[in-house]
Amino acid sequence: MSDIFKDPIINENPITKQTLGVCSALAVTVLVEKAIVMAIALTLVISFSNVIISLMRNVIPHRIRIIVQLTVIASLVILVDMSLKAFAYEMSKELSVFVGLIITNCIVMGRADAFAMQNNAKDSFLDGMGNGIGYGSILVIVAIFRELLGSGSILGFALMPDSYVANGLMLLAPGAFIILGLIIWVQRTYTKYVEE
């Protein structure tokens with residue numbers, strides 16, 4: 001498996017290593033279903049924007065590269081948003097603001113400028129998929145713990161006994177911070193990463 005694809009999932013995860021995209025990790029992880037949809041949306045946008053920008057990299061004037069990148073990313077976000085409205089309208093209403101914010105997500109913009117502008121389309125696609133899956137996996141893990149501890153269920157299926165008292169803190173932003181902090185600690189312990 002290519003390091004370009006594999007590294008962002010574990011060793012160079014955009015959330016746990018670079019602490020990018022934390023706002024959406026807090027906002028859309030109350031329910032696993034929302035986290036999965038957001039993870040798929042971001043993965044599609046980052047992968048295909050990387051490919052398009054990589055294919056255009058030799059004709060984009062350096063001084064307007066950010067504008068071009070934003071235009072490509074915004075166009076893909078609009079396609080994803082319209083697809084959600086067409087095929088999953090209720091989910092689209094719940095995620096409306098957050099899907100739109102993919103345009104300014106620092107992971108998407110960073111990979112477009114730092115990787116896709118210097119690499120071929122195949123490597124750029126793999127980089128986008130790896131970063132999207134790395135980001136999405138953290139969203140889903142956080143959502144699993146928040147939904148399970150906060151409401152006693154996952155995807156609408158009750159998993160806790162009737163005597164379980166739901167932990168309301170897990171449905172609030174501090175609960176997400178706690179879980180995300182624990183995940184970052186585990187990941188950095190596993191990879192032996194030390195902040196310099």
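I take helices and strands as DSSP runs, numbered from the N terminus. The model I am reading is predicted.

**Entry 1: fold order.** I went along the sequence and noted the pattern α-α-α-α-α-α-α-β-β-α. The tally for the chain is eight helices and two strands.

**Entry 2: overall dimensions.** I looked up the extent along the principal axes. The C-alpha atoms fill a box of roughly 65 × 45 × 30 Å. Next I checked the radius of gyration, which is 18 Å for the chain.

**Entry 3: surface.** I searched for a nonpolar patch and found one of about 750 Å². I listed its members as Ile 36, Ile 40, Leu 44, Phe 48, Ile 52, Leu 155, Phe 157 and Leu 159. Which helix gives the largest share of the patch? I found that helix α3, residues 32-56, does, with five residues. Ile 40 sits in helix α3.

**Entry 4: second largest pocket.** I read off a volume of about 160 Å³ for this pocket. Its lining consists of Ile 9, Asn 13, Thr 16, Ser 137, Ile 138, Ile 141, Ile 183, Val 186, Gln 187 and Tyr 190. I then sorted the lining by element. Both α7 (121-151) and α8 (173-191) supply at least two residues each. The top contributor is α8, with four residues.

Entry 5: How many lining residues of the second largest pocket are nonpolar, polar and charged? I counted six nonpolar and four polar residues, and no charged ones.

Methods. Residues are numbered from 1 along each chain as its sequence is written. This is a predicted model: local features need pLDDT of at least 70, side-chain atom pairs count only at pLDDT 80 or more; totals for chains, interfaces and linings use all residues. Side-chain values use heavy atoms; hydrogens and water are left out. Patches are made of residues with over 30% relative accessible area and no salt bridge: like charges are joined within 9 Å, nonpolar side chains (Val, Leu, Ile, Met, Phe, Trp, Tyr) within 5 Å. Accessible areas come from the Shrake-Rupley method with a 1.4 Å probe; for residues, only the protein chains shown count as cover. A salt bridge is a side-chain nitrogen of Lys or Arg within 4 Å of a carboxyl oxygen of Asp or Glu. On a 1 Å grid over the protein atoms alone, a cavity is a set of points where a 1.4 Å probe fits but cannot get out, and a pocket is an open set with protein on both sides within 12 Å along at least five of seven lines; lining residues have an atom within 4 Å of a point. Grid points are joined across faces, edges and corners, and a volume is the space filled by probe spheres set on the points. Ala, Val, Leu, Ile, Met, Phe, Trp, Tyr, Cys and Pro count as nonpolar, Asp, Glu, Lys and Arg as charged, and the others, Gly among them, as polar. The radius of gyration is taken over C-alpha atoms; the globule rule is 2.2 Å times the number of residues to the power 0.38.
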